[in-house]
Amino acid sequence: MKIDRRQPLVPKLRFPEFLEDSEWNYAFVADLINTIIPPKKLLSSAYLPDGCFPIIDQSRSYICGWTNDNDAVITKQLPVIVFGDHTCVLKFVDQPFAQGADGIKIVTANRCVSTAYLYHHLSCIPLVPKQYKRHFSTLKNQIICFPNPKSNEQQKITDCLISLDDLIATEEQKLEALKRHKKGLLQQMFPSLDKR
């Protein structure tokens, strides 16, 4: 990916208080992250249906199981981004968790950007998995644009996107509750032809 330096590097939409701020900078993801090595990787046979700590893997489900194994838990350097090396799934994790099996990379931002900002930026340019191969090297070669870290613009962008994520989650919960309610009504409003 190349940046056209003839045009100023500024977003089309900017909060009013930052309209007069300088252009944004850019860097490769590889230059903005540190990789975290988990203390232990849990096999799927060790997953519990409930427990003290969530297990996070590269599946689409945010949590794939639970564990009570304190020795497997990542507690430092939170929040982190979990990247599915084969699936390209991105997850923002801000609570202690354990890594499930293989196939994920755990990263945190190391300079210029916050981890939350990096997660949202990566989410807007998602990688598409190509067969069942590793994609972390492709992720590291992506270019991230970011405002001056000394300004509050990154935080303002992140706060806005997090509040939208929270609203979406709330609306999804309401939708699921309505679906359950409808299912219950349907079961009660129509007679059953079950054999008696």
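The text below covers conventions, overall fold, surface and salt bridges.

The model is predicted: local features need pLDDT of at least 70, side-chain atom pairs count only at pLDDT 80 or more, and totals for chains, interfaces and linings use all residues. Residues are numbered from 1 along each chain as its sequence is written, and side-chain values use heavy atoms, with hydrogens and water left out.

**Fold and surface**

The protein has three helices and 11 strands, where helices (H or I, at least four residues) and strands (E, at least two) are DSSP runs numbered from the N terminus. Their order from the N terminus is β-β-β-β-β-β-β-β-β-β-α-α-β-α. The radius of gyration is 21 Å, well over the 16 Å given by the globule rule for 196 residues, so the protein is more spread out than a compact globule. This radius is taken over C-alpha atoms, and the rule is 2.2 Å times the number of residues to the power 0.38. The C-alpha trace spans about 80 × 40 × 35 Å along its principal axes.

Of the 196 residues, 36% are buried; buried means under 20% relative accessible area, exposed over 50%, and partly exposed in between (1.4 Å probe, protein chains only). Among contacts (heavy atoms within 4.5 Å) between residues at least 6 apart in sequence, 65% join residues at least 24 apart.

**Salt bridges**

Seven salt bridges are counted, each being a side-chain nitrogen of Lys or Arg within 4 Å of a carboxyl oxygen of Asp or Glu. The table lists some of them.

| Pair | N to O distance |
|---|---|
| Lys 91 and Asp 57 | 3.9 Å |
| Asp 85 and Arg 134 | 2.9 Å |
| Glu 176 and Lys 179 | 3.8 Å |

Lys 91, in strand E8 (residues 90-93), and Asp 57, in the loop between strands E4 (53-56) and E5 (65-67), are 34 residues apart and link distant parts of the chain. Lys 91 is buried at 3% relative accessibility, and Asp 57 is buried at 14%.

Asp 85 lies in the loop between strand E7 (80-84) and E8, and Arg 134 in the loop between helix H1 (115-124) and helix H2 (136-140), so this pair ties together parts 49 residues apart in sequence. Asp 85 is buried, at 2%.

Glu 176 and Lys 179 both lie in helix H3 (residues 153-189), three residues apart, about one turn of the helix. Glu 176 is partly exposed at 39%, as is Lys 179 at 47%.
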